[in-house]
Amino acid sequence: MREITVRVNGQERKRLVKDNELLLDFLRERLEVRSVKAACWRGECGLCTVKLGDHLVKSCLVLAVEADGKEVETVEGITPDGELTPIQKAFVSHGAAQCGFCTPAWVLATHELLQANPHPSEAELTEATSGLVCRCGTYNQIREAVEEVSQARPRLAKENLASS
Amino acid sequence: MSFGSPYVTLPDFAYHRPKSLDEALALLKEHGEEAKVMGGGVGLIAFMKERLMSPAHVIDVKEVPELRQVRHVPGKGLSIGAAVSIKELLEGGTLRGYAVLEEALARVADPMIRSRATLAGNLCEAIPWVDSPPALIALGASVEIAGTGGTREVPVSGFIRGPVDIDLNPGEIVTGIMLPDPKGTLSAFEKFTAGSEFSLASVAVALAGGGRKRSVAMVYGAVSSTPVRCAEAEQAVADGLTPANVRRAADMASEKVECVDDVLASAAYRRHLVKVITTRVLRRMMSA
Amino acid sequence: MTADAFVGKAVPPEDTVRKVTGTALYTYDWEVPGTLYAKLVTSTVPHAKIVRISLESAKAVPGVVAVLTGKDMPFRVGMYAGDRDLLAVEKVRWAGHPVALVVAETLEAGERASELVDVEYETLPAVFDPVKAMEADAPLLHERMEEYKHAPVFYPVPGTNIANRFRLVHGDVEKGFGQADELVEEEFRISHVSHAYLETQNVVAQAYRDGTYEIWTSAQSPFVVRQIISESLNIPYNKITIRVPFVGGGFGGKAGLQWEALAAMASKAVGYRPVKLVLSRKENFSSGASREGVVANVKAGFTKDGKCVAYKVRFVLDAGAYADYTVNVSRAMGYSAEGVYEVPNVQCESLAVYTNKVPTTAMRGFGYSESNWVLEQVFERAAKKLGMDSAKIRRVNLLRPGESHTATGEKVREDVGDPRKVLQTVLEGIDWDGKVERPSEPWKVRARGFALCVKGPSQPPNASSSAILKFNEDSTIDLVLGTGNFGQGTATAISQMVADQFGVAVEKVRVDPVRDTGKSAYTWQTVGSRGLFTDGVATLRACEDAKGQILDLASQVMRLPKSELEVAEGAVKAKGRPWLSIPLRELVFGYVYPNGNTVGGPVIGRGQYTSSLNTYLDPQTGQGVPTIFHTFGGTAVDIELDLVTGAIEVKKAVQVFDVGKAINPLLLKMQLDGGFIMGMSIALFEKIKFDEQGWVMNPNFTSYYLARMKDVPKDFVARYVETPQFDGPLGARGIGELSMISVASAISNAVFRSTGVKLNNLPMSPEEVWAAISSQKPELLAKAMESYGRVETAVKARQ
């Protein structure tokens, strides 16, 4: 057992954890961050995706102690004011969720992609989300949702130059 | 080999996060066979869930500065620290000149896994279907190993002894991977996947030098329990990538490379795929 | 607000906001204070007597509360075949069969202890092939089959491994073959597949000392879960409450009983503490139920002008160790054998056979998907033999509404749908007569193919539904349904209908996401694409009931006969005199006169639906009326086949269904897209692989691959035909399962039409396709390899 301090969705959380505890279980069981799901427990499905520091990671393959002193962000963290973010709104209007079990992971992954790259190409979207799976088959609706947010964002002068 | 675990929690272990290579080595010496080194943790955590490994001590080397470096060693090549993530390696042209490795790593799993996984970890898993070992063997890479008794360097081809079996003794740690100076080496990687995230067959090719001094390495992955070179195919293209030579190499590889049946594919299909990917990779190298 | 303000509109499902914010809670997220965690211990051998189970070392692990075995709960449970145990009693029937359950304070302790349970087995001979399992000397899985409580429509054969034998005879098939000019005879195979719902099977159960049980479960049909537990364990229905929060996918795999009874008995055994059991993915693969494998032998006779005059088929289902739901799959496979066609002479036998492999159960489109794989390919093969266009042979044989009879002898009603228009729309969608695009490489083939399908819900004749509509003080509506909501959006579509009935905004109608047997309206199950139809009709009746109450009150208050009043725009209005109106708000909780005197009270509408049309099927001939509607549809694809690797890529997909009435085009598109993707994934990638001991070899998503974004065609056409069904809700029919039925057949037909290569086995993995090309058309492969090896083109490209 050791005490770790993790900044989760902007809030500092201190907890005693066992050395063998997974970040997934730390978030779900100890902090009750329930948007983080699991479906394979071995890094294949991507439902446990969280942002750890600067990167998206699969929290079923990360130890809780590794997050000590770091920042973790989940879907709960991208909607701080109660207002839905553009990608969340687009998921709703395009029907990009069916059973919804994988949806938080897809929202987080596409949100992060759009933050880093406001106008992702088809190939960039496919690559960025290649670690995620959706059994209901909402892929086309997710594409449409990302496309809509991308279209709505102004292109930077630099990007216009590049594309013209 | 059936992958998948009924368990979702990890066995008990003590976690250590050494801040230097000396500290890491001291921990390894103290705990011997009871210790496992963790880089990105992708392989180790999965193996621990499956109870293929149950170390009492896990030594996380992500913050060991000596293992975080990528450096040019004059007269030798590029040394890639064991704790450098694949994502980091793929950024900023680090692997310029090592196309075969870059191509293999760019398709490892997905970006989230690549931000954690390391090249050394990928190699140490020694899973038959992963892509980096054939690429490393084609480049003539070696594994840099440190122990309390000193350091040693082993060629990758000898390092992998079998599935999940590597030449690493208790108390030792992989500190890095040494890629020899590329010096105009032309190299490329191809794989075929279907119904699996893993490769059914892969090939790594490196052509170095020219004329009579030309050296060729063609290494096949995922077809057998460990990566295998095909001398006959190499011989076929030794005097140049002509269409006739490429065809001969593809035929030779398909005939000579030993392929196995497993959960992903039959040996017969793999033999066919070997021909297909050999043609594909050499065709690409011809037009490069 | 007009009468059709919301019906027909693309209203996004109302529960998506919770899903995108991570606040939709599933059983997996459910925690009850004091919860204990359960872990399965499973058999390592396929078939054996249990000699001894040593629990001592497991019990000694700190945190372990109890280790239970089959002796602690020797119940036989089930819905249709009644053949299951909670934990193995006396013997194990497959490698993966649960033999013990560890209950502990933490999951970690439970897992640690589960490794220490030691079971001694006395091995029995095992059988893994369903055809061999029917042989006289095959090892028997269920020695006491005659004691099982089978539902009356199933025909087990005690003393064998046959869990159900369904027979259908229509006309005289031998006479039909005598009239035929061409015969098609084939064997088709279908591999086991996993539903792969992302939320694995899981449950939280709490037994109370007063004899009641509360169970939270990721299930499709809470009322059937309650029924099975009650009937099998002899507990009164009203002492069991089943609660279903959000469900992370079902696809039929959560239609019946899962682990609810086991968890409930465990809770009782550990002193009435709540027990949570979550299967890992591997456990879900090797101890949960999957879709069965099938071996089908078919012989069909066609005349020169394309008429199918005889169709004889035998389906042998590899049902695994338990066939509780699969007996119904074999029945549906049998009676759907003839699909969308009218064939005068049909003979069909469909057998669910026990083997020492994972148990099997229903899956999206069950029975129909499998029979479609056979039938639609037989028609394609016949077309080629007869030199006839694929569309023409279908037109010749298509059912004619108002005239034809189905294989079960049911007269096809005029309002059943328009199969001809569906076919036409499929052909237009794929530009059937247009030029096929050139392949991207000379060793590839570009091709088009299609397949048609039909399906109705496979449910017992007495399956019923109900709905309760409660007005609130502000005239908003709480609509109480029983039908589950795991992505189909049924509650949204039904809410749209309710909104229009009262002329209110759809936001004013709400369905709580949690289903609860104590609080929800009864519905038999959420399966078979039945929800919109059955629960939709029940809801419309509840609307009528509520409107009647409102108009009665309004008539009194307004002093006008009821016949002169109507409910519209959220108010009661006098017909033709809209200025005479009272808002619903002033009526639905009682009308208050100026002096405070109040008449009426809270309005609660109720409605129910039971089909009076369905019958049992005749045990010898399979004749009768098995379903409440038939939805017709079809799939067309444009594919590129790489002859060199055997890989198939879908470039374009067309899905067409006669939905009767499109209540919500967005939900419809989501189902047609999603169903295609699942169908394509199963068609091209998915196969549970077993080793020689019946162990699942690929119990994970690395080697059991599911379609990802990169695999999905972007060119996707979803169209619908609207032939209203007289007794459907506003004319609508169900669609959820339909969308994946004809996908695999369409892909295979494209390959056959273009290359003549027969792909008889699912999945059409690259290796399977390569093997088929190598053995059937070696010259085609040789030519492709030659062109592939012509690397000179690469050099030219460089110059």
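This briefing walks through the folds, helix pairs and chain contacts of the structure above.

The model is predicted: local features need pLDDT of at least 70, side-chain atom pairs count only at pLDDT 80 or more, and totals for chains, interfaces and linings use all residues. Residues are numbered from 1 along each chain as its sequence is written, while chains are lettered from A and ligands numbered from 1 in the order in which they are written. Chain A has seven helices and five strands. Chain B has eleven helices and 14 strands. Chain A touches chain B and chain C.

**Chain A overall**

- Helices (H or I, at least four residues) and strands (E, at least two) are DSSP runs, numbered from the N terminus.
- Starting at the N terminus, chain A reads β-β-α-β-β-β-α-α-α-α-α-α.
- Chain A has a radius of gyration of 17 Å, close to the 15 Å from the globule rule for 164 residues, so it is as compact as a globular protein of that length.
- That radius is taken over C-alpha atoms, and the globule rule is 2.2 Å times the number of residues to the power 0.38.
- Along the principal axes, the C-alpha atoms of chain A fill a box of roughly 55 × 35 × 30 Å.
- Of the 164 residues in chain A, 60% are buried.
- A residue is buried if 20 or more other C-beta atoms lie within 10 Å of its own, exposed if 12 or fewer, and partly exposed in between; C-beta atoms are placed from the backbone.
- Among contacts in chain A with a separation of 6 or more, 60% join residues 24 or more positions apart.
- Two residues are in contact if their C-beta atoms, placed from the backbone, lie within 7 Å.

**Chain B overall**

- A compact globule of 288 residues would have a radius of gyration near 19 Å, and the 19 Å of chain B agrees.
- The C-alpha box of chain B is roughly 60 × 45 × 30 Å, taken along the principal axes.
- Buried residues are 57% of the 288 in chain B.
- Residues 24 or more positions apart account for 62% of the chain B contacts with a separation of 6 or more.

**Two helix pairs**

- Two packed helices are described by the angle between their axes and the distance between the axes.
- Axes are lines fitted to C-alpha atoms, for helices over the stretch in contact, and angles run from 0 to 180 degrees between N-to-C directions.
- In chain A, the axes of helix α4 (residues 103-116) and helix α6 (residues 139-152) come within 11 Å and cross at roughly 30 degrees.
- That makes α4(A) roughly parallel to α6(A).
- Angles under 35 degrees count as roughly parallel, over 145 as roughly antiparallel, 65 to 115 as roughly perpendicular and the rest as oblique.
- Trp106(A), Thr110(A) and Leu114(A) of α4(A) make the contact with Ile142(A), Val146(A), Val149(A) and Ser150(A) of α6(A).
- This contact of α4(A) with α6(A) has five nonpolar, two polar and no charged residues.
- Ala, Val, Leu, Ile, Met, Phe, Trp, Tyr, Cys and Pro count as nonpolar, Asp, Glu, Lys and Arg as charged, and the others, Gly among them, as polar.
- In chain B, helix α10 (residues 243-256) and helix α11 (residues 267-287) pack at about 155 degrees, with axes 8 Å apart.
- α10(B) and α11(B) are therefore roughly antiparallel.
- Seven nonpolar, four polar and four charged residues make up the contact of α10(B) with α11(B).

**Where the chains meet**

- Chain B puts 20 residues in contact with 21 residues of chain A.
- On the chain B side, α2(B) gives the largest share, four residues.
- That side has 13 nonpolar, two polar and five charged residues.
- Chain C puts 41 residues in contact with 40 residues of chain A.
- On the chain C side, α14(C) gives the most, six residues.
- That side has 23 nonpolar, eleven polar and seven charged residues.

**Two residues of chain C**

- Met558(C) sits in helix α13 (residues 531-558) and is buried, with 20 C-beta neighbours inside 10 Å.
- Not counting residues up to four places away in sequence, Met558(C) touches Leu565(C), Ala574(C), Leu580(C) and Ile582(C).
- Pro62(C) lies in the loop between α2 (56-59) and β3 (64-69) and is exposed, with 10 other C-beta atoms within 10 Å.
- Pro62(C) and Trp432(C) are 370 residues apart in sequence and 68 Å apart in space, C-alpha to C-alpha.
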